[in-house]
Amino acid sequence: QLWSASIALAEELARRQSLVVGRSVIEVGAGCGSLVGITAARLARSTLVTDGDEEAVRNLEHNLAANEPSWRSHAAGEVRAQRLDWRDLLSAPWPPEARAELLLASDVVYGFWGDTLAQAMLQLLAPGGVILLVASEDRRGGVRMFKEQLGQAGFRIEETRLTNALGVFRFYECRERRPGEPLEDPDVVERSTFAEGEPLVEHPPLPVKLARIVASDADIVAPVAEVLRAGRLVWRVVGGLLRGKGIIVRGGVEGKLSEYLGRLAHGAIVEEVERAGERMRYRKLIGTGPHVGWVSFLSGRGATLLAQVLRPDL
């Protein structure tokens with residue numbers, strides 16, 4: 001799964017190559033795709049692609065290796081992937097000699113952890129360095145806290161609202177404020193890269209439609225039937241089968257920043273209690289795993305983890 005914001009950021013790096021050439025680069029919260037990291041690796045002095053999830057990092061390593069011909073002949077230095085949890089940086093600062101001149105991130109402020117992200121980036125950034133973050137227009141829940149934290153640290157933030165065929169995105173280019181520059185950030189710049197009349201690709205809250213399955217009569221055991229009759233949403237866990245571990249359950253809506261509660265087994269059936277974007281708080285009806293918690297509809301690779309259960313007569 002390549003998120004649109006990562007494509008927009010990769011295109012921006014290709015357009016503004018001087019921002020990357022000869023610099024040390026760290027990508028934060030890369031997910032599984034590594035498109036941004038691969039684009040940067042063609043130009044940078046060194047490139048480190050990071051994510052907080054170990055499985056995602058293994059996938060990043062695979063993608064970097066699989067796409068090596070596209071960057072190896074251009075890359076001047078080391079290109080690698082590494083696990084990095086933002087919260088760890090708050091108690092164990094990043095070594096000064098390993099800090100980067102350019103930090104990159106795409107679609108990582110959709111939840112309310114913008115201040116944590118900003119504090120982590122300040123630990124990763126070398127003096128005089130630049131932060132370039134892009135967020136989809138409808139995935140900016142943590143931007144205000146992110147900007148406030150950087151503003152308190154003396155940073156100037158230039159914001160650009162870009163419209164292209166993939167959607168609408170916000171770019172935040174952040175650097176230390178120079179002497180004499182006003183304390184207020186400049187006005188938002190509007191930019192468009194698609195031709196007039198070209199259709200805009202609409203982006204739903206989820207990158208794919210939610211899966212649905214029609215349950216057989218044997219599946220409609222008493223607890224499930226009661227919830228369905230009440231008109232509430234019921235879901236079956238369809239992910240987590242490959243390794244037999246089930247899907248990850250968190251204690252809150254903030255994904256990797258929330259407490260790990262355990263795993264919900266493949267085949268478990270749950271009732272939806274609350275939904276926030278791509279995540280759902282549930283109450284377990286059948287199966288093994290935490291009785292309540294938050295789960296994701298999609299894996300980091302875009303695989304479907306939950307399918308809605310429908311009665312045959314619905």
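**Exercise 1. Work out how Arg15 and Glu12 sit relative to each other in helix H1, and what their side chains do**.

Step 1: Start with the helix. Arg15 and Glu12 are three residues apart in H1 (residues 4-15), so about one helical turn separates them. Helices here are DSSP runs of H or I with at least four residues, strands are runs of E with at least two, and both are numbered from the N terminus.

Step 2: Check the side chains. This is a predicted model, where local features need pLDDT of at least 70, side-chain atom pairs count only at pLDDT 80 or more, and totals for chains, interfaces and linings use all residues. Residues are numbered from 1 along each chain as its sequence is written, and side-chain values use heavy atoms, with hydrogens and water left out.

Step 3: Apply the rule. A salt bridge is a side-chain nitrogen of Lys or Arg within 4 Å of a carboxyl oxygen of Asp or Glu. Arg15 and Glu12 pass, with their closest N and O atoms 2.9 Å apart. By this rule the count comes to 27 salt bridges.

Step 4: Look at the surroundings. Glu12 has a relative accessible area of 7%, so Glu12 is buried (buried is under 20%, exposed over 50%, partly exposed in between, using a 1.4 Å probe and protein chains only).

**Exercise 2. Describe how helix H6 packs against helix H7**.

Step 1: Get the geometry. The axes of H6 (residues 114-124) and H7 come within 7 Å and cross at roughly 40°. Axes are lines fitted to C-alpha atoms, for helices over the stretch in contact, and angles run from 0 to 180 degrees between N-to-C directions.

Step 2: Name the angle. That makes H6 oblique to H7 (under 35 degrees is roughly parallel, over 145 roughly antiparallel, 65 to 115 roughly perpendicular, and the rest oblique).

Step 3: List who touches whom. On the H6 side you'll find Gly114, Asp115, Leu117, Ala118, Gln119, Met121 and Leu122, which meet Met145, Phe146, Gln149 and Leu150 of H7. Contact means heavy atoms within 4.5 Å.

**Exercise 3. Where is Thr47, and what is it in contact with****?**

Step 1: Locate the residue. Thr47 lies in strand E2 (residues 46-51).

Step 2: Check burial. With 4% relative accessibility, Thr47 counts as buried.

Step 3: Collect partners. Setting aside neighbours within four places in sequence, Thr47 is in contact with Val25, Gly37, Ala40, Ala41, Glu78, Val79 and Arg80.

Step 4: Zoom out to the chain. The protein chain has eight helices and 16 strands, and buried residues make up 46% of its 314 residues. Of the contacts between residues at least 6 apart in sequence, 67% join residues at least 24 apart.
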